[in-house]
Amino acid sequence: MKPFIKLSLCIAIGTLSFISPSDKKSTSGQRLKPDADNGGITLPQGFSAVTVTEESGKARHIVVNSNGDIFIKLSALKDGKGILLLRDKNNDGKADETQAFGDYIGTGIAISNGYLYTSSNQDVYRYKLVNGIPDEASKQTIVKGLPDKGQHESKSIALDGAGNLYVTVGAPSNVCQEKDRQKGSMGIDPCPLLEQHGGIWQFKADKLNQSQADGVRYATGLRNVVGLDWNKQTGELYAMQHGRDMFAAYFPELYPLPNGDDLPSEEFLLVKKGSDFGWPYCYYDHLQAKKLLNPEYGGDAKAIGRCAGKDLPIMGFPGHWAPNGLLIYSGNQFPERYKNGAFIAFHGSWNRGAKNQAGYLVAFVPLGKDGKPTGKYEVFANGFAGTDTPSPGGAKSRPMGLAQGPDGSLYITDSQKGKVWRVMYQK
Amino acid sequence: MARHVSKIKALLLYRSYFVRIHYTHSLMKPFFLFVFLMPCFAFSQAKNSETPVTPNQLAKGKQVYENNCMVCHQETGDGVPGLNPPLVKTAWVLGDKTKLINVILKGLHEPIEINGERYNNIMPANDFLNDQEISDVLTFVRNSFGNKASAISAAEVKAEMAKK
């Protein structure tokens, strides 16, 4: 039997390798064979997905190089390394080679002007890409010593291609209470955390060893931004704000169910230089389309107070969905209506009520030429959790990072095991 | 745990002895009485060191859990990866009682690691709960989600409160 199996395998592999060059077309993505079950997720008609890898590690953000190489930043070291390079050598969509480097954890990863930029929870580094391969010896520190106090510590990055690097610094707090996350504790006024946290800082993309003080405070009033991207079409920065936790749990009388679980909104933001989105004093209520005062600062679910004049989001999403990935799509593979629109990876909730967790999905928001939404959000990819009643620990997978491939495919990472999908459109 | 098992064994032994005596030596009353009372001594000793877990206490503890803990640690006790630690079969829950009581009284303000996974969310102090509520909720947690451990008494909680 054994020699027979070997022989049949040889024939099978030989046949495959013989037909593969003509049968597969990696650059268009159109003839690449998707998984029969699209890797366990549901997609709109015409779209399909191939599982790039089942397990890569604790995946955070992802970027795909012009040669198709995939880089993933990890939030936990895997065999001592925090950055992965996945390569699909035979153009079947599945990674068949993995390299790892970088001895630090983190979230941010991006490619700009021939460099791979990565972030730890304190610093931003870059590596020169030599023939597409990051040269480890060329590692440079671009930003150093950003605050990391454990909570909302990840540093997302985006580059504008014009010499600027944008870095988020989340606030190590829920709503700047005297006692963080203590029910009944009032908000500190003014909130001292805003001095060094709760915003987006702009740095020079090619200047070494910049400290936080060397950067420009680009935007403030941001509790925690993980999804961050530069819109090449409009030349503007977009961000996803994680709204504060525990409305329904702390203030059931102000935020009764079922709406209590949907507030505050997760905010989709067009960020301008000098924007102030109001945290910790204010939150957004997409049901009333208003920025309102937080109860820790005297709010009653209706009062606007000092929140008048704070910058509004361009869209509000249901509460606690945890938007961790943002990608403004500039590819040509997907139908025209997706061009310049926004894909948002929601990690899925944990502090909605029991049996009411939601948002383990990837959404799409069509954007017009002015960079503003032209319609409501759509659920683009779903089924990640593998159940209708998901929980953060029990979910099969949780959407995390998004990237666009050179052929216009959409890549999605999962934080549970590091599964990676490549989503394609097939006419 | 081993101590607990040996106590049960001892009780069973006494019981079988008692049954045999009852049927074969029913006239040996003083000895019979002594043997009959032995399990009671054993039981009262157990009560001193390990308060028994009662359904009533578990029901009360569940209530406290649902009102104060569940939103972070979840209905299943699984917690939230990367943020809120699980309560399922960890040394934090099943180990040193005083350490566990103090997590409730003082909260946790530093990231912790369980089974190689880091959890970095803040746990607020729950010092607004009284000794009985803390005893109930910890006993519930130590006997739910697949956990099995001794009860934590209100007196044990009170002793830690006094140290504050």
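Is the crossing of α6(B) and α8(B) left-handed or right-handed? It's right-handed, meaning the near helix is turned clockwise from the far one by less than a right angle. Before we go on, a bit of housekeeping: this is a predicted model, where local features need pLDDT of at least 70, side-chain atom pairs count only at pLDDT 80 or more, and totals for chains, interfaces and linings use all residues. Residues are numbered from 1 along each chain as its sequence is written, while chains are lettered from A and ligands numbered from 1 in the order in which they are written.

Let's stay with that pair of helices. Helices here are DSSP runs (H or I, at least four residues), strands are runs of E of at least two, and both are numbered from the N terminus. α6(B) and α8(B) pack at about 65 degrees, with 10 Å between their axes; the axes are lines fitted to C-alpha atoms over the stretch in contact, and angles run from 0 to 180 degrees between N-to-C directions. That makes α6(B) roughly perpendicular to α8(B), a label for angles of 65 to 115 degrees. Among the residues making the contact are Ile101(B) of α6(B) and Met161(B) of α8(B), and contact means C-beta atoms, placed from the backbone, within 7 Å.

Now look at α6(B) itself, residues 97–106 of chain B. What covers them includes α5 (91–94), α7 (131–142) and α8 (154–163) of chain B. Just after the helix, Gly107(B) takes a positive phi of about 80 degrees.

On the α7(B) side you'll find Asp131(B), Gln132(B), Ile134(B) and Ser135(B), which meet Ala154(B), Val157(B), Lys158(B) and Met161(B) in α8(B).

Finally, hop over to chain A. Glu336(A) is in the loop between β21 (323–328) and β22 (342–346), and it counts as exposed because it has 7 C-beta neighbours inside 10 Å. From its C-alpha atom to that of Pro392(A), 56 residues apart along the chain, the separation is 35 Å.

How values were computed. Buried ≥ 20, exposed ≤ 12 C-beta atoms within 10 Å, placed from the backbone. Contact = placed C-beta atoms within 7 Å. Parallel < 35°, antiparallel > 145°, perpendicular 65-115°, else oblique.
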